[in-house]
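Subject: Structure for you to look at

Hello,

I am passing on the structure we spoke about. My notes on what was found in it follow below.

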Amino acid sequence: MASRGPLSRLLRSTLSSCQQSRSHSVAILGAPFSKGQKRRGVEHGPKAIRDAGLVERLSNLDYPVHDFGDLTFKHLEKDEHFMRVPFPRTVGRANQLLSGAVSGAVGAGHTCIMLGGDHSLAIGSVEGHAQQCPDLCLIWVDAHADINTPLTSPSGNLHGQSVAFLLKDLQNKMPEVPGFSWIKPFLSARDLVYIGLRDVDPGEHIILKTLGIQYFSMRDIDRMGIQRVMEVTLDHLLARKQRPIHLSFDIDAFDPSLAPATGTPVNGGLTYREGIYVTEEIHNTGLLSVMDVVEVNPTLGATPEAVEATSSLAVDVIASALGQTREGAHVAFPKIPEPKEDTELRI
């Protein structure tokens, strides 16, 4: 069953404490936003993913699905650069709005699916989740680490700095970026794991090594295999205690042959089977609370088929994270049906 409703209703929802075991209902939030980077078109990602059949696919999993539509973001006419960072106040305001929406969805008992938009949106998504679940852990599936600070970023783009805003360990390394006074770092480096890295900037590399952050590059995945990578990931995050998982999934984690319609593709990415295995294993924990799917950019597909392939892949990843299996979703037939006594053979 799918329903649509205004975001205002969600934002007015009574907030409750975070549940360790998520309820079987899904809230979809669209975040059509592109100012965390310089390529236009990624703001059309939420529509492309919906058009690829997201709501119908999730409804087939027997979840109550609540599509709350898209947030409306205001772009400030006057928003000067901060150092090399473009649109800092616009990005900050957008993330503050998203934070409230995600917090409302989680507080209402839903598993929240946030459709981006660029990856700067994870700042608000993870922060809003943490309002309800302060003990959350974060799995970041991406070709890029997105952990630059304004002092290390080669481009200045905020979609490459998202994690730096979240980490307590970097608090004294981050300047005060205009538009972000509302957020205080809350996540420890030990509560974060990266999967799929293969394009890490020099400043990011020293941050990863200095803070001792657990990460798996594509070389690690080749060497260890995706099964072992997920075993180590979940043991690292959940061995001390079971806690909510925030999965932030950039579609460019996949190889560009599978996801061509994205802004920063990098060769040598996840195969379809590896990416789906990641989400299957996260689902199997029963602890997925919020999932971001970002950086689908339909304007960058060379053909309609490329756009459809990328958007459909996003739907597959979301459905897998919510219980669709490659063995089939076992909800319609809890047991083998038996014929009734009055059943007649009809020719």
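His144 is buried, because its relative accessible area of 12% is under the 20% cut-off. Please keep in mind that this is a predicted model. His144 sits in the loop that runs between β5 (137-141) and α6 (162-166). Leaving aside residues up to four places away in sequence, His144 touches Tyr194, Leu197, Asp199, Asp252, Thr264 and Val266. With one of these, Asp199, the His144 side chain forms a side-chain polar contact of 3.4 Å.

**Asp252**

The side chains of Asp252 and His144 are also joined by a polar contact, at 3.2 Å. Asp252 belongs to the loop between β8 (245-250) and α10 (272-285), and is buried at 1% relative accessible area. Apart from residues up to four places away in sequence, its contacts include Asp142, Ala143, Arg198, Thr262 and Thr264.

**The annotated site**

**Cysteines**

How many disulfides does the structure hold? It holds zero. Cys112 is buried, with a relative accessible area of 0%, and Cys137 is buried at 0% as well.

Regards

Definitions and conventions: Residues are numbered from 1 along each chain as its sequence is written. This is a predicted model: local features need pLDDT of at least 70, side-chain atom pairs count only at pLDDT 80 or more; totals for chains, interfaces and linings use all residues. Side-chain values use heavy atoms; hydrogens and water are left out. A disulfide is a pair of cysteine sulfur atoms within 2.5 Å. Buried means under 20% relative accessible area, exposed over 50%, partly exposed in between (1.4 Å probe, protein chains only). Helices (H or I, at least four residues) and strands (E, at least two) are DSSP runs, numbered from the N terminus. Contact means heavy atoms within 4.5 Å. A polar contact is a pair of N or O atoms within 3.5 Å; within protein, one must be able to donate a hydrogen and the other to accept it, and residues adjacent in sequence count only if both atoms are side-chain atoms.
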